[in-house]
Structures are given as C-alpha cells and as structure tokens.
Amino acid sequence: MAERKNILDIRRHASGYNDDFAAWALAQADYLASGRFADLDLENLADEVSGLAKRDFRRLVSAIEIVLLHLLKFDQQADRRTRSWVLSILEHRERIFRSLRENPSFATRLDDALQDAYRTARLAAARETQLPLANFAAECPYSWSDVVERPFDPDTSFPTEN
C-alpha cells in the first residue's frame with residue numbers, strides 16, 4: 001500500500017520529460033488511465049510510442065543479424081563448425097518468430113530487415129573469422145527461407161567438438 005502511494009506521489013509531482021524520464025512516463029500513463037488527456041505531453045509521448053515500434057523492429061533485425069552471422073561462419077568455415085553456432089541459429093530463429101507473432105506488420109518489411117541485418121552480419125563475420133571481407137558476398141546470399149527454414153541439427157557431431 002505504501003509503495004502504491006509512493007508511485008502516485010511520484011506521478012503527481014512528475015518532472016518534465018528531460019528531467020526524469022521514469023517519472024514523466026509514469027505520469028503520462030496515469031493521465032491516460034484517468035482520462036486526463038489535456039495533461040498529456042503529446043509531442044514527447046508520440047515520439048516515445050513511435051520509438052517503441054522502432055525498438056521492436058531493431059530487435060527483429062538484430063535476431064536476423066545473428067542468424068546471418070552464424071550462417072556465414074557455418075558456410076565459410078566448415079572445419080570450425082560448432083554446436084554453439086547451430087544452437088544460436090535456432091535460438092534466434094525463435095526470437096524472429098516471436099517478434100513476427102507479436103508484430104505481424106513487420107512481415108511487410110522483411111526484405112529491408114534482411115538487407116539491414118546482412119550488412120552488419122557480413123562485417124561481424126569477417127571480424128570473427130578473420131577472413132577477408134571480400135570472402136563474404138556484398139549482397140545477402142541468403143533468402144528468407146534460408147534464414148528461417150534451413151535445416152540444422154544441433155545433435156550432429158562437429159569437427160571442432162569431440
């Protein structure tokens with residue numbers, strides 16, 4: 001009960017957007033919940049709501065990036081393949097599927113997400129493998145199907161694991 005009172009006090013005495021973001025956000029939520037629309041900081045609130053969608057899209061791109069990174073490593077270094085790479089691919093595929101379930105509108109932006117993710121994955125693959133950047137195609141060589149459906153079995157044996 002005391003905690004709830006403290007939260008309400010923070011909301012009532014909320015600082016501005018630039019002074020204390022957490023207090024500002026709690027106040028905005030309180031104004032929305034209580035129908036006090038005139039008290040809303042509409043400009044900053046609109047920016048923050050837009051930012052939520054951008055953040056979620058970046059999470060999708062990041063998950064695709066990790067899958068692509070491991071696909072590149074897997075294809076370029078057959079003698080160094082590991083179970084860890086396969087499990088990372090499978091884990092990040094699940095993150096991709098979850099993101100698309102939670103945000104079905106992202107399905108219209110998959111080509112952009114794939115291309116954005118590939119540019120970063122290519123650089124990371126060159127860094128991690130220490131292979132020349134030219135070893136990795138300038139344009140994404142993988143289809144969406146490769147990213148989410150290419151079969152991988154984490155229970156097979158790998159050259160670097162005994």
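This is a predicted model: local features need pLDDT of at least 70, side-chain atom pairs count only at pLDDT 80 or more; totals for chains, interfaces and linings use all residues.
**Entry 1: the overall layout**

I started with the secondary structure of the protein chain and counted six helices and zero strands. Read along the sequence, that gives me the pattern α-α-α-α-α-α. I also looked up burial: of the 162 residues in the protein chain, 35% are buried.

**Entry 2: α3 against α5**

Next I took one helix pair. I noted two values, because packed helices are described by the angle between their axes and the distance between the axes. For α3 and α5 the angle is about 45°, and the axes are 7 Å apart. The crossing of α3 past α5 is right-handed. I then sorted the contact of α3 with α5 by residue class and got 15 nonpolar, two polar and five charged residues.

**Entry 3: aromatic pairs**

How many aromatic pairs are there? My count is five.

F57 and F106: the ring centres sit 5.2 Å apart and the planes meet at 75°. Over 60 degrees counts as edge-to-face, so that is what I called this pair. F57 belongs to helix α3, residues 42-76, while F106 is in the loop between α4 (83-102) and α5 (110-129). The pair therefore ties together parts that are 49 residues apart in sequence. Buried or exposed, I asked of F57? F57 is buried, at a relative accessible area of 7%. F106 is buried as well, at 5%.

F74 and F152: here the ring centres are 5.0 Å apart with the planes at 90°, so I logged this pair as edge-to-face too. F74 is in helix α3, and F152 is in the segment after α6 (144-149). That puts 78 residues of sequence between the parts this pair ties together. Both fall under the 20% cut-off for buried: F74 has 9% relative accessibility, and F152 has a relative accessible area of 14%.

I also found one aromatic cluster, formed by Y17, F21 and W24.

**Entry 4: back to F57**

Which residue lies over the face of F57? I found R109 there, at 3.6 Å from the ring centre. So my note on F57 now has R109 over its ring face and F106 as its edge-to-face partner.

I looked up E94, which is found in helix α4. E94 comes out as partly exposed, because its relative accessible area of 45% lies between the 20% and 50% limits. I then checked E94 against V148: they are 54 residues apart along the chain, and their C-alpha atoms are separated by 9.0 Å.

**Entry 5: Q130**

Last, I went through the backbone angles. Most residues other than glycine have a negative phi. Where is Q130 found? I placed Q130 in the loop between α5 and α6. Its relative accessibility is 72%, so I have Q130 down as exposed.

Technical notes
Residues are numbered from 1 along each chain as its sequence is written. Side-chain values use heavy atoms; hydrogens and water are left out. Rings of Phe, Tyr and Trp (its six-membered ring) pair if their centres lie within 6.5 Å; planes under 30 degrees apart count as stacked, over 60 as edge-to-face and the rest as tilted. Helices (H or I, at least four residues) and strands (E, at least two) are DSSP runs, numbered from the N terminus. Buried means under 20% relative accessible area, exposed over 50%, partly exposed in between (1.4 Å probe, protein chains only). A charge sits over a ring if NZ of Lys or CZ of Arg is within 6 Å of the ring centre and within 35 degrees of the ring normal. Axes are lines fitted to C-alpha atoms, for helices over the stretch in contact, and angles run from 0 to 180 degrees between N-to-C directions. A crossing is left-handed if the near helix is turned anticlockwise from the far one by less than a right angle, and right-handed if clockwise. Ala, Val, Leu, Ile, Met, Phe, Trp, Tyr, Cys and Pro count as nonpolar, Asp, Glu, Lys and Arg as charged, and the others, Gly among them, as polar.
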